[in-house]
Amino acid sequence: MAETTDLLQGTLDLLILQTLVAGPMHGWGVAQRIQQVSKDVLQIGQGSLYPALHRLEYKGWIASDWGNSENNRRAKYYRLTATGKKQLEAELATWERLSAAIALVLGNSAEVQP
Amino acid sequence: MGEILTRVRFMLSGKLPGEVDDELRFHIEAATEANIAAGMTRDEARRQALVEFGGMERTREQCYEERPGRWMGTVAQDGRYALRGFRRNPVFTIAVIATLAVGIGATTAVFSVVDRILFRPLPYAHDDRLVSVGLVAPIIPQEFMLGGSYYEWRDHQQAFEAFTSETGANTCDLTERNPARLSCASVEQNFLPTLGIVPILGRNFLPEEDRPNGPRVALISYGLWSSHYGLDPGIVNRRIDIDGTQVRVVGVLPKDFEMPALEAADIVLPQALDEAAQRRADPGRVMYAFARLKPGLTIAQAEAALQPVFNYSLNLAPAPFRKEVHLRVRSIRDRQMHDVRLAAWVLLGAVAAVLLIACANVSSLMIARATQRERELAVRSALGASRMWLLRQTLTEAFLLSLAGATAGCLLAEVLLRVFLDLAPTGITLLNHAQLDGRIIVFTIFVSLACGVVFGLFPALYAPGSISTAARSNGSGRTVWLRRGLVVGQIAVSMILLSGAALLARSFRNIELQGMGIETRGVFSVRIPLPRYRYTTPQQRMEFFLQAEQAMRHLPGVLKVGTSDSLPSGGQHGEQIYNNIAVEGRPRAGEGTGGMVAWRLVSPEYFSALEIPIVRGRGFTIEERSSKDHFLILSSLLATRMFGANDPVGQRVQPIPDGPWYLVVGVAANVKNAGLTGADEPEYYRLRRDSIEDWNADADLVLKTSLNAQAAAPWIRTQIAQIDPTVPVQVETLSQQVSRLADRPRFETALLGFFACCGMLMAVIGLYGVIAFVATQRTQEIGVRMALGATRGNILRLIAGEGVRLILLGGLLGLGASLAMAQWMQSLLFNVGPRDPLSFLMVGTVFALVGLAATLIPARAAMKVEPVVALRYE
């Protein structure tokens, strides 16, 4: 199994929201997709995935409906709400600022090291 | 916004319980299929999926915990759990609620009474800047102004933005179809604006209405408006008859209006003084001045700024008196409450102590309960309840109990307040205004919550210790120490209360025991306040009272009939400055005022009716009543002061400068004339002759009879009614009057005594509880001791010794504290020192006896335990 990285606090919410941009998805799908897209680096533990989904739903950023899965099973599908979209944009902006800042710091130290 | 709505929706509806399960099951199935697709067998795939997933139950709970309204369910659950606990243990619950109810009820009732005296803002705008300003001199106890100085002060003072005056309140008669005796206050035109009072209807006086012979106008109180005019808004501009004169009502005062010196005022009139005449006059009219400080100025600064005008007034005062005249500026509240403040604080302190004892008792009960439940708590903690959870549970219980206690306490407070008001003498300032209101309810809830937190935290802090030991043992030693400490504190506090009450009781007994110097048995006072508008001349007044005196003599059973303008038991009398009295053939006395001298205007039979002995010379005679000369009798105190050992009889005295000269015919024994607790004043009696120059004032009749009160009163009324059926007649026994003078100390003593008893009862119950608890806890030990040969006496000593130690420690602490605190009560005490040994001895003995009894009951029970039972006890 590939090595996994601990997710930064609050990053999971961002990942879930970003994943749901593609369209309604059930919990299993969300987990699989994050794993695939990150090329197996990010594996979401179910113990944190479902509480996070519920938390986002209580906040009103995502909504859920029961529907049928690809192989005809009852599954709960989550989709992004309008509030969720706005929230995602705000969090993405924050994330970009943050990662740019981190990149700057790491870049500088890389120059100094040799 | 949408977010909040979603939260509210979920808080109210929640999710279906099975929803999470379905979702998780789908996840497992999906994972299994994925594993099968990867080439595993079905069973292996499912196993792997479950392993990968981890704790199913944990995830489900975590999902549940994300729910926004979760805490509400927890609170309800805690509440239900607490209620079940209370139902299982009704004695504990009732004990706690009753204790709290007494503590909170008493506190609330007393707070309602003292709130107005100590804390509540006065009904004036920005009352913190209002002050009472004036001179203090021996003649009038409270600060006052004189017409000769007032206008000078008002025009030249620098410290105030407004300066106003009133000239006091007098009785007046509403002489309309529905006549009534009222109180009319006279005020300056700028009086209401200075105090920040706006009439709720109509307007304030105009400047031209506050001049002599100006238009006759009046403002009426809300009470009068409601009782006489049915709140009719048409009252403005209506004319009403006051003392036979038509006066136009220009406005209605607010409901909470009161005069700053607290005189009763049904009607407020412009004082209409002639300013120019007053400025010239010396000393001029007595007035009371009030002022509004400029913002940012303190009272001390204002006092300093008033020095120039004060010096002006000082120069007007007669030179010998100047040293005794001072300037005084103080807040209106200080002026109103000067004599009840200390009593109010003592009372508040007493109930605070009762509340403290009650809280300690409840804490002790809660600790005992927590100790009994240690095992239960340990088990619950082992099953996964967090420390936070147990703390919350305990606080929920405490909160519920406080709430129940507060509710019961509020009801009790209402009852207690009614009882206080019934018991209370009419003379106590503002007591009639006391009522439970919103602020006081809030105060109660605050107090009870504080109680809840205090006693809820003690046991919660001790739960749970080490689970393994707690689950096996029966309560830990630490909590017993805490409870012992609480009991010592309770005993100490209730000792303080009890010694305060004992001192007051002793002082009250001294008041009751001292003689008034007059005979009150079988003596009636008959007061007939003649309506001024009908009896306008001294002639009419004299004729009425002479007829009344004659009519009384005709009543069977009446032995003596005297008259006087005032009675020692009535509390008020004429007063004058000692150094104004001149003696023939002697230079006028020197420095200062020499203090005050009381005087009365009496008939010859006054002395025999009240059995005041004439110790030298003789009394007045019937013949002297029709004499042209003036006659005088001195009290022993005054005779000694004026003439020393010489015989005053036959001397000629002029009490008032430029007044008539009086012949001293005798000396009468001293009478208590400054209330029950004041120092006796020197006094003289002028003979009231049947001549109109002596009849400027009404008279009180004094009847010495062999009748009882029920029989006499109707007869007396009938006789007076035959002379004039319209005059009001007040018949009272003298003992009633005297007893009314003692109303205030009686009220204070009864109240403090009541609280002291409450406090002691609770402290003793607390003591009993701890000893009983300790005895039960040591049952097994007692069994062992008895098996090893201890006698029953040994066991009794073992358990009782515990109680005696607590009583001694608490008693000594309390004694020390009360000795230190008693001196604050000094001014409430009469003829008792604040360290009165007898009171403290009494309190100590009572406490020792009651405390011992509370100890011996459980100790005896422990002694009687059968050793076999005790050994098996767990």
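β2(A) and β3(A) pair in the antiparallel sense over 7 bridges. Strands here are DSSP runs of E with at least two residues, helices are runs of H or I with at least four, and both are numbered from the N terminus. Two strands count as paired if DSSP finds at least two bridges between them. Within this pair, A:Gly67 has A:Ala75 in β3(A) as its bridge partner. This is a predicted model: local features need pLDDT of at least 70, side-chain atom pairs count only at pLDDT 80 or more, and totals for chains, interfaces and linings use all residues. Residues are numbered from 1 along each chain as its sequence is written, while chains are lettered from A and ligands numbered from 1 in the order in which they are written.

The pair belongs to an open sheet of 3 strands in chain A, with the order β1-β3-β2 and antiparallel pairing. Its edge strands are β1 (25-26) and β2 (62-68) of chain A, and each pairs on one side only. Helix α1 (residues 11-20) of chain A packs on the sheet and touches β1, β2 and β3 of chain A. A contact means that two C-beta atoms, placed from the backbone, lie within 7 Å. The direction of α1 makes about 95° with that of β3(A). Such angles run from 0 to 180 degrees between N-to-C directions, and axes are lines fitted to C-alpha atoms, for helices over the stretch in contact.

Next comes α2(A). Its buried residues are A:Gly27, A:Trp28, A:Gly29, A:Val30, A:Ala31 and A:Ile34. Buried means 20 or more other C-beta atoms within 10 Å of a residue's own, exposed means 12 or fewer, and partly exposed lies in between, with C-beta atoms placed from the backbone. A:Lys39 follows α2(A) and has a positive phi, near 55°.

Chain A also meets chain B. The contact takes 18 residues from chain A and 22 residues from chain B. On the side of chain A, α2 (27-37), α3 (46-59) and β3 (74-80) each give two or more residues. The largest share, 8 residues, comes from α3(A). This side divides into 5 nonpolar, 8 polar and 5 charged residues. Nonpolar covers Ala, Val, Leu, Ile, Met, Phe, Trp, Tyr, Cys and Pro; charged covers Asp, Glu, Lys and Arg; the others, Gly among them, are polar. The predictor gives the complex an ipTM of 0.78 and a pTM of 0.69.

Now to chain B. Strand β12 (residues 523-527) and β23 of chain B pair in the antiparallel sense over 4 bridges. B:Ser525 has B:Glu732 as its bridge partner in β23(B). The covered face of β23 (residues 730-733) holds B:Val731 and B:Thr733, and the uncovered face holds B:Gln730 and B:Glu732.

B:Ser735 is found in helix α24 (residues 734-741) of chain B. B:Ser735 is partly exposed because 17 other C-beta atoms lie within 10 Å. Not counting residues up to four places away in sequence, B:Ser735 touches B:Thr520 and B:Arg521. B:Ser735 and B:Ser525 are 210 residues apart in sequence and 9.8 Å apart in space, C-alpha to C-alpha.

Further along, the axes of α25 (residues 743-777) and α27 (residues 792-822) of chain B come within 10 Å and cross at roughly 145°. B:Leu767, B:Ile771, B:Val774 and B:Ala775 in α25(B) meet B:Ile799, B:Glu802, B:Gly803 and B:Leu806 in α27(B). The residues of this contact divide into 6 nonpolar, 1 polar and 1 charged.
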